[in-house]
Amino acid sequence: MSEETDGGPALFHLVRFWSRRWAGRASEELTGEPRHVQHILVVEAVHTNARPDGEAPEPPTVGTVAHQLGLDHSGASRMVRDAVEAGYLARDTSERDRRRACLRLTESGHALLAGARQWQRRAFEELTASWDERDRRQFAAYLSRLADDLGA
C-alpha cells in the first residue's frame with residue numbers, strides 16, 4: 001500500500017492535528033472560554049445516546065458519558081458535574097432505578113450542541129473548500145459511515 005492510499009496514518013494525522021486545534025477555537029467561540037471544551041464533549045456524549053426519534057434506549061448517565069468519551073467514571077463524573085453547574089445538563093432521578101441519576105440537555109445544552117454542530121459544519125466546509133462538490137459529499141458520506149459503524 002502506498003502512502004497515498006494508506007488511510008490509517010492519514011486518519012491519525014488528522015486526529016492529532018485537529019485534537020490540538022479545534023478544542024480551544026470551538027470552545028472559545030461557543031462558550032466564551034477556551035478551556036470549556038469539556039462542556040461541548042459532554043453535551044455531544046449525552047446527545048449521542050438519543051435515538052433519531054428523540055427517545056433514548058436508556059436515559060444517558062455518567063456511565064454513558066464515560067463510555068462515549070473513553071474516560072473512567074470519576075473523570076466523566078467531574079465533567080458532568082461541571083456541565084450541570086454551567087447549566088448545559090440537568091440531572092434527573094431515573095424512573096427505573098431511584099438510585100441512578102439520568103442526564104438530559106437543558107435549553108442551554110441544546111443551544112451549545114446546535115452551535116457546536118454549526119461550527120463543525122463550517123470547519124468541514126473550510127477544510128474542503130477547494131474540493132469539487134461531489135468529492136465533498138462522498139467524503140462526508142464516508143465520514144458519516146465510519147462514525148455510524150463505530151457507534152460514535
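This is a predicted model: local features need pLDDT of at least 70, side-chain atom pairs count only at pLDDT 80 or more; totals for chains, interfaces and linings use all residues.
Residues are numbered from 1 along each chain as its sequence is written, and side-chain values use heavy atoms, with hydrogens and water left out.

The chain has six helices and two strands, these being DSSP runs numbered from the N terminus (H or I with at least four residues for helices, E with at least two for strands). Read from the N terminus, the order of elements is α-α-α-α-β-β-α-α. Of the 152 residues in the chain, 28% are buried, where buried means under 20% relative accessible area, exposed over 50% and partly exposed in between, with a 1.4 Å probe and protein chains only. The accessible surface, from the Shrake-Rupley method with a 1.4 Å probe, comes to about 10400 Å², and carbon and sulfur atoms supply 51% of this area. Among contacts (heavy atoms within 4.5 Å) with a separation of 6 or more, 42% join residues 24 or more positions apart.

Helix 2 covers residues 37-48 and contains H39. The end C-alpha atoms of this helix are 17 Å apart, in agreement with the 16 Å that its 12 residues should span; the expected span is 1.5 Å times one less than the number of residues. Its buried residues are V37, H39, I40, V42, V43, E44, A45 and V46. H39 itself has a relative accessible area of 4%, and, leaving aside residues up to four places away in sequence, H39 touches D82, A83, A86, Y88 and L112.

Helix 6, with 18 residues, reaches 26 Å from its first C-alpha to its last, close to the expected 26 Å. Its N-terminal end is capped by D132, which has a side-chain oxygen 3.1 Å from the backbone nitrogen of R134.

A search of the whole structure finds two aromatic pairs, a pair being rings of Phe, Tyr and Trp (its six-membered ring) with centres within 6.5 Å, stacked if the planes are under 30 degrees apart, edge-to-face if over 60 and tilted otherwise. F124 and F139 form a stacked pair, 6.1 Å centre to centre with 15° between the planes. This pair links distant parts of the chain, since F124 is in helix 5 (residues 107-127) and F139 in helix 6 (residues 133-150), 15 residues apart. Together with W131, F124 and F139 form one aromatic cluster.

Technical notes:
A polar contact is a pair of N or O atoms within 3.5 Å; within protein, one must be able to donate a hydrogen and the other to accept it, and residues adjacent in sequence count only if both atoms are side-chain atoms.
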